[in-house]
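Subject: Structure handover

Hello,

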Amino acid sequence: IQHTTPFHSYCTKKETIIMTDEQSSGAPPVVVAETIAIFGATGRTGKETLKLALSRGYKVRALVRNVKKLADIITTDPNNDDSLVTIEGSFEDMTKLEQVFSTPVEYVICMASAPPPSDDNTTYPPDFMLNFVQKLQSVLDKQIQKPKVLLYQAGSMSTDGNGYLHPMAQVSKHTLGRKLNIFPKIHDNDTAIQYLAKHTARMAEKESDDGMHLIVTRAGVLKDKPSERELVVSSWPPMPIMYYATYADLAKFSLDALKNKDLYDTCPFVR
């Protein structure tokens, strides 16, 4: 799984049309909204993605540690009848993970991260994301109807699925990573990405039909500002001093990416 070339068009269709015998004779088709499972929906990018997905007519199933952080969305969304299903619990709980996929899901978005440090433990929990994606993948493997796409959000200092990192990003990794003391988090993301890439490739060899695809987005610095521009794919990593993205713009890019087959099984830099 490698980076890809820039693209400039998106497909945002969000519904599946099912034709019954009666409808094939002239009656209107049944339109079924597609479902997205979101992990990390209470984070800044995750929350923007959740709101945008609901506004586009998707159904969303979200596993969250604290459902109160979504109170504003749950109470203000006029379309929230069965559009949003929240499951409160730990990402380490297999039972909760299985509940997310108790009904068919077309897309999976992972924008999760380790819980914030506590007074008792200020260190990054070893292999948090790796352990999570291993559990997640084991649940997905059991699904009769597997998701079409799994999108995993990482940073610009993370490797691709083969363990390769652009030399410019390596410089940032060894300077900013050391300064900000985020090496354990970056390493965890690296191992999680490589696990997902190898597993997806291995399953693709076994599947006779079109199996689940993996997209790993690697954005740079993120800021909490109003939407500014349409993000694009780049073969060059976004340099922190020159480029940043807003949470809203990355959310839009991520949703659009689900439908863009040019991004399937790639690890694009986004800027």
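Below are the ground rules, then the findings.

This is a predicted model, in which local features need pLDDT of at least 70, side-chain atom pairs count only at pLDDT 80 or more, and totals for chains, interfaces and linings use all residues. Residues are numbered from 1 along each chain as its sequence is written, and side-chain values use heavy atoms, with hydrogens and water left out.

**Overall**

The chain has seven helices and twelve strands. These are DSSP runs numbered from the N terminus: helices are H or I with at least four residues, strands are E with at least two. Of the 271 residues, 43% are buried. Buried means under 20% relative accessible area, exposed means over 50%, and partly exposed is in between (1.4 Å probe, protein chains only). Take the contacts in the chain with a separation of 6 or more: residues 24 or more positions apart account for 71% of them. Contact means heavy atoms within 4.5 Å.

**Cores**

The largest nonpolar core has 32 residues. Such a core is a set of buried Ala, Val, Leu, Ile, Met, Phe, Trp, Tyr and Cys residues joined through side-chain atoms within 4.5 Å. Phe39, Phe101, Val108, Met129, Phe132, Leu136 and Tyr152 touch the most other members. At least two residues each come from strand 3 (35–39), helix 3 (94–100), strand 6 (107–110), helix 4 (128–141), strand 7 (149–155), helix 6 (183–206) and strand 8 (213–219). Helix 4 gives the most, with eight residues. A second, separate core holds 31 residues, including Ile38, Leu54, Val64 and Leu258.

Which residues is valine 108 in contact with, leaving aside neighbours within four places in sequence? They are Ala37, Phe39, Phe101, Leu136, Leu140, Pro147, Val149, Leu150 and Leu151.

**Helix 4 against helix 6**

The two axes come within 7 Å and cross at roughly 20°. That makes helix 4 roughly parallel to helix 6, a label for angles under 35 degrees. Axes are lines fitted to C-alpha atoms, for helices over the stretch in contact, and angles run from 0 to 180 degrees between N-to-C directions.

Helix 4 contributes Phe128, Met129, Leu130, Val133, Gln134, Gln137 and Asp141 to the contact. Helix 6 contributes Asp188, Asn189, Thr191, Ala192, Tyr195, Leu196, His199 and Met203.

Glutamine 137 sits in helix 4. It is buried, with a relative accessible area of 2%. Not counting residues up to four places away in sequence, glutamine 137 touches Leu150, Tyr195, Leu196, His199 and Met212.

On helix 6 there is also lysine 198. At 55% relative accessibility, lysine 198 is exposed. Lysine 198 and asparagine 162 are 36 residues apart in sequence and 8.4 Å apart in space, C-alpha to C-alpha.

**Backbone points**

Most residues other than glycine have a negative phi. Here are two with positive values.

- Asparagine 181 has phi near 55°. Its place is the loop between helix 5 (167–179) and helix 6. At 61% relative accessibility, asparagine 181 is exposed.
- Aspartate 265 has phi near 60°. Its place is the loop between helix 7 (247–257) and strand 12 (269–270). At 33% relative accessibility, aspartate 265 is partly exposed.

Best regards

Conventions
Angles under 35 degrees count as roughly parallel, over 145 as roughly antiparallel, 65 to 115 as roughly perpendicular and the rest as oblique.
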